[in-house]
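Let's take a walk through this model, starting with a pocket and ending with a single side chain. Keep the viewer open as you read.

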Amino acid sequence: MSGTDPAALQELRAVEAELNERWPETKIEPSLDRIRALTDLLAEPQRSYPVVHIAGTNGKSSTSRLTDALLSGLGLRTGRYTSPHLQVATERISIDGKPISPEAYVEAYRDVAPYVSIVDSRSDVRMSKFEVLTGMAFAAFADAPVEAAVVEVGLGGSWDATNVADAKIAVVCPVALDHAEYLGDDIAGIAAEKAGIIKPGSIAVVAAQPAAAQQVIMERVAEVDATVAREGQEFGVLSRTVAVGGQMLSLQGLGGVYDEVFLPLHGEHQARNAALALAAAEAFFGAGADRQLDVERVREGFASVITPGRLERVRSAPTVLVDAAHNPHGARALADALSSEFSFRRLVAVVGVLGDKDARGILAELEPVVEEIVLTRNSSPRAMDPDALAGVAKDIFGPDRIVVEPRLDDAVETAIQLAEETDDPGESVSGGGVVITGSVVTAGEARALFGKEPA
């Protein structure tokens, strides 16, 4: 983080070290008792502003950023809480569309720490890192103060620490299989957990879902007497065309058609995330059949959005893209965007995954669109060994399309060289591309390699 006081960064690292002594985000004990005890001691900061709560398997972070950009563009002071971070922990808590400073992050931690100690002393299980971070975010938003908070679920929904907020708007992004060790491998069961963010009297904004998931979500809507807006019925993407640096959209909103909307993001999945965010913003402001949001401000909001690590270009000639896809559903969206919106002569993938993810499913989705694959690892202790990853990849790619480079920087360099290769000495080497993917951690470390600031 250029320009930041070294002492502040050192204090930030000390706070992170303290937080890392707690249960990680990969370990949960299904109860809201501890986070409720903390927010009670903090005088319930999550009730001092309206909340847009966002759950789902894929698209949560992008939809959170899109919703934040729209609400900001429409004149509100916003807070945004997302996870995990790509590079620096401060990314998780944003105010006015930007990560809070290291100093503010440390201050938020020091403010809640005494109350966290009280909760710890009263419970058999100490608060997890994610629970403490959630308390920090809620308190920081109340102190700002914000006029709206966009809050992304960490894992699941019903038992996620963020669910102590009674959201005015509950957004359910597409549901697919992920985190099977916690959520199971039954789509209906996963959907039921995620639908737990839909509260009595709220407005549920629901992406298109597999039939089993849709049924469960609609049962929850009926059970709590929520209002519902569904992609493909009340809102959706009317048309999209590829444009320089992104795409041009026409969106059906709850309040009418919003046309000539430029979205500086790639892929049909991002167009659908934009439609979801638009419906959430409309619901937030009470737009409907007789009331439309200011179309020009909607255009400006979308045009301003940045989604780091989501098909993000970090270099040209050859083009290097970074994408945080970490499950088969995300890898399929990535592959679709690569094939429909880019025309690489030769595309090479750098892939590093975590050991608890479906590596085979991710690689199978990427295989049709990449020439070769460089297998590596990121710095996470949960990272899958590159040789083990190669054992999985050989069944999908065959041995001749695989390279193993244990260090990420070496893997990227190798991929760039492969992308620039040509069989014909007279042929231009332009048109090669590299995509770095497989994990949020891999994407974050790749951004840092190319000198990208946290955003």
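Which element gives the largest share of the lining of the second largest pocket? Bear in mind as you look that this is a predicted model. The answer is H3, which puts 4 residues into that lining. Helix H3 covers 60-73, and strand S4 (98-99) also supplies at least two residues of the lining.

Now for the pocket itself. The second largest pocket holds about 300 Å³ of space. It has 13 lining residues, and the ones closest to its centre are Arg-80, Gly-97, Lys-98, Ser-304 and Ile-306. Sorted by class, the lining comes out as 5 nonpolar, 5 charged and 3 polar residues.

Zoom out to the whole chain next. Where the two meet, 21 residues of domain 1 and 18 residues of domain 2 take part in the contact.

Finally, zoom in on Arg-346, which sits in strand S14, a run covering residues 346-351. Is Arg-346 buried or exposed? With a relative accessible area of 13%, Arg-346 counts as buried, because the cut-off for that is under 20%. Its side chain makes a polar contact of 2.7 Å with the side chain of Glu-372. Setting aside neighbours within four places in sequence, Arg-346 also touches Glu-371, Leu-418, Ala-419 and Glu-421, along with the glycines Gly-431, Gly-432 and Gly-433.

How values were computed. Residues are numbered from 1 along each chain as its sequence is written. This is a predicted model: local features need pLDDT of at least 70, side-chain atom pairs count only at pLDDT 80 or more; totals for chains, interfaces and linings use all residues. Side-chain values use heavy atoms; hydrogens and water are left out. Buried means under 20% relative accessible area, exposed over 50%, partly exposed in between (1.4 Å probe, protein chains only). A polar contact is a pair of N or O atoms within 3.5 Å; within protein, one must be able to donate a hydrogen and the other to accept it, and residues adjacent in sequence count only if both atoms are side-chain atoms. Contact means heavy atoms within 4.5 Å. On a 1 Å grid over the protein atoms alone, a cavity is a set of points where a 1.4 Å probe fits but cannot get out, and a pocket is an open set with protein on both sides within 12 Å along at least five of seven lines; lining residues have an atom within 4 Å of a point. Grid points are joined across faces, edges and corners, and a volume is the space filled by probe spheres set on the points. Ala, Val, Leu, Ile, Met, Phe, Trp, Tyr, Cys and Pro count as nonpolar, Asp, Glu, Lys and Arg as charged, and the others, Gly among them, as polar.
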